[in-house]
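Biologist: I'm new to looking at protein models, and I'd like to learn how to read one. Could we go through it step by step?

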Amino acid sequence: MTNKQSPSFVVAISGPSGSGKTSLVQKVTSLLEDAVSFYFDDYASVSQYPSNFSEWIREGADPNQWETPQLLKDLQMLRHGESISLPDNKGMIKAASFIVIEEPFGRERAEMNGLIDFVACIDLPLEVALARRLLRDVEWCLIKRNPEYLAAYLKEYLTGYLNGATREMYLQVNARVLKNCDLVLNGVSSVDELADEIVTAIKTKLGAV
């Protein structure tokens, strides 16, 4: 649906932790012709984030303080038809007509703004996102760890969520993205419904329907 000689069309999917970004990225990638998935979290080891979320929020919650130079470089290469190697030997990604990226900040980070063609933001109550996040983590802990580890993890995470800045961070970030996105998604809908909605909107924007 895109000209092979043109830069790839970049679709960013945003939302708080537990909103279903990863599953939605995978589903949208499977529905688009000639598409690859690209994940913000794959670059954690080579990126710099604010060390104190409370302080970051007090100072204005500037998305540009989340610095991901390697992600930026790799996305630029992918857009122009070059394959890239992920950090920490996580594999390679080949160039494709569509790049579907998990990007919590949408186009709000200045370094990413010019590289993203379409932003879909998942909007849902934070208690739903929290429940999904905990269900995912519980499953992982029970498989990879043990009940004692799980109990300690849940206590630490929920204490930090209530007393720290995690909840406020999600609220601040999503509020920014919602103001400047192309499509707002009802996050309580199914992944299939949301993916169909995104693909239809993209095709409409590209004049394919």
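Biologist: Let's begin with the largest pocket: how many residues line it, and which lie nearest its centre?

Modeller: Good place to start, and please keep in mind that this is a predicted model. The lining of the largest pocket is made by 30 residues. Nearest the centre are S17, K21, D41, R133 and Y170.

Biologist: What is the volume of the largest pocket?

Modeller: The volume is about 770 Å³. Helix 1 (21-31), helix 5, helix 6 and helix 7 (166-179) are the elements that give two or more residues to its lining. Helix 7 provides the largest share, with five residues. Sorted by class, the lining has 13 nonpolar, 11 polar and six charged residues.

Biologist: Which residues line the largest cavity?

Modeller: They are S17, L126, A129, L130, R133, Y157, Y161 and Y170. The largest cavity has a volume of about 40 Å³. Helix 5 gives the largest share of this lining, four residues, and helix 6 also supplies at least two. By class, the cavity lining holds six nonpolar residues, one polar and one charged.

Biologist: Now the helices. How do I read the packing of two of them?

Modeller: Two packed helices are described by the angle between their axes and by the distance between those axes. Take helix 5 (residues 126-144) and helix 6 (residues 147-163): the angle is about 155°, and the axes are 10 Å apart. Angles over 145 degrees count as roughly antiparallel, so helix 5 is roughly antiparallel to helix 6. The crossing of this pair is right-handed.

Biologist: Which residues of helix 5 and helix 6 meet?

Modeller: On the helix 5 side they include L126, L130, R133 and L134, and on the helix 6 side Y149, L150, Y153 and L154 are among them. The residues of this contact divide into 14 nonpolar, no polar and two charged.

Biologist: At what angle do helix 1 and helix 8 pack?

Modeller: Helix 1 and helix 8 (residues 191-206) pack at about 55°, with their axes 9 Å apart. That angle makes helix 1 oblique to helix 8. Here, too, the crossing is right-handed. Helix 1 brings S23, L24, K27, V28 and L31 to the contact, while helix 8 brings residues including V191, D192, L194 and A195. This contact has eight nonpolar residues, one polar and three charged.

Definitions and conventions:
Residues numbered from 1 in each chain as written. Predicted model: local features only at pLDDT ≥ 70, side-chain atom pairs only at ≥ 80, totals over all residues. Heavy atoms only, no water. Axes fitted to C-alpha atoms, helices over the stretch in contact; angles between N-to-C directions. Parallel < 35°, antiparallel > 145°, perpendicular 65-115°, else oblique. Left-handed = near helix turned anticlockwise from the far one by under 90°. Contact = heavy atoms within 4.5 Å. Nonpolar A, V, L, I, M, F, W, Y, C, P; charged D, E, K, R; others polar. 1 Å grid on protein atoms, 1.4 Å probe; cavity = no way out; pocket = protein on both sides within 12 Å on 5 of 7 lines; lining within 4 Å. Points joined across faces, edges and corners; volume = space filled by probe spheres on them.
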